Each structure stands twice: as structure tokens, then as C-alpha cells.
Amino acid sequence: MNLIRINHNPSRRELTLFGLIWLVFFGIIGLIVLRGSQSAMPAAVLWALAVVVPAVGQLLPGFMRIVYVSMAYAAFPIGFVVSCTILAMVYYLIMTPIGLMMRLFGHDPMTHRFEPDAQTYWLPHEQDDDVNRYFRQF
């Protein structure tokens, strides 16, 4: 079972949208390169790439499909590493300190402390007799 599935057969609409995103992305990258470079040639190459790939993709959807799938495979490892890094940061920078503070102050929200003299760990629960509660499940 895969968590992330790469679409190997994108629709024509998805390819067109990908072409527009490609155009905007490489257009912006071209602007950034133009501002940081002494020469306009690298920016012109990026702008040409930004225009040519979606234009050819409109004429030949098979070409755009190859670009789409190859970019999906190129972005997969990046997304995997970034998502694992973010999850680790959330766990170690947010969840772990919260758990340590709860232990430090003796808070046990699930009442899982071991009590050797307890006869049972069953907690009494008061049932609501109102029939309307069936319509308010959450």
C-alpha cells in the first residue's frame, strides 16, 4: 500500500494546468536569475523553457505527460524527506516537551497510573437518559 501515488496517466486538463504552473514557475525563476545575474542569457533560456515546454505540450500531450511524470518522480524524494523532517520536528519540538511537562507536574489525563491497592481500574460513567442524545452523537 503506497501512501503517495504518482499519476501515470494524467488527464488533458491536469496536463494543461501543469503547463500553466510550469510557465509561471520558470517565469519567476527567470526573473530571479535576471536580478541576480550580470547577463540576461540565463534568464532568457529559462523564459524560453517556460514557454516552449507548455506550448509543445499542448500540441503533443504525450510529451507533456513525460515531463509531468518525470517531475513527479523528481519531486517524490524531496517531498518524502521534507514530510519526515516536519513530522520529526513537530514530534520532538512540540509533543515531547508537552509530555515531559505533564510528567513533571504529575498530570495523567488517561489515569494509567499503577495503584497496587486498587480493586479495579473501572471508572464510573453516568449515562444520560435523554433520548435526544442519539441525534447528537458528536
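**View 1. Where α2 runs into α3.** On the α2 side, Val53, Pro54, Val56, Gly57, Gln58 and Leu59 meet Pro61, Phe63, Met64 and Val67 of α3, where contact means heavy atoms within 4.5 Å. By class, eight of the residues here are nonpolar, two are polar and none is charged. (Nonpolar covers Ala, Val, Leu, Ile, Met, Phe, Trp, Tyr, Cys and Pro; charged covers Asp, Glu, Lys and Arg; the others, Gly among them, are polar.) This is a predicted model, so local features need pLDDT of at least 70 and side-chain atom pairs count only at pLDDT 80 or more, while totals for chains, interfaces and linings use all residues. Residues are numbered from 1 along each chain as its sequence is written, and side-chain values use heavy atoms, with hydrogens and water left out.

**View 2. The angle between α2 and α3.** Helix α2 spans residues 41–59 and helix α3 spans residues 61–104; they pack at about 130°, with axes 5 Å apart. Helices are DSSP runs (H or I, at least four residues), numbered from the N terminus. Axes are lines fitted to C-alpha atoms over the stretch in contact, and angles run from 0 to 180 degrees between N-to-C directions. The pair is therefore oblique, the label for whatever is not under 35 degrees (roughly parallel), over 145 (roughly antiparallel) or 65 to 115 (roughly perpendicular).

**View 3. α1 against α3.** Helix α1 (residues 12–36) packs on α3 at about 70°, with the axes 10 Å apart. That makes α1 roughly perpendicular to α3. Look for Arg12, Leu15, Phe18, Gly19 and Trp22 on α1, and Pro61, Met64, Arg65, Val67, Tyr68 and Met71 on α3. This contact has eight nonpolar, one polar and two charged residues.

**View 4. The largest nonpolar core.** Eleven residues make it up, including Phe26, Leu46, Ala50 and Val53. Such a core is a set of buried Ala, Val, Leu, Ile, Met, Phe, Trp, Tyr and Cys residues joined through side-chain atoms within 4.5 Å. Helices α1, α2 and α3 each supply at least two of its residues.

**View 5. Tyr68 and Val69, side by side in the core.** Both residues belong to the largest nonpolar core. Leaving out residues up to four places away in sequence, Tyr68 touches Asn7, Pro10, Leu15 and Phe18. Val69 counts as buried because its relative accessibility is 12% (buried is under 20% relative accessible area, exposed over 50%, partly exposed in between, with a 1.4 Å probe and protein chains only).
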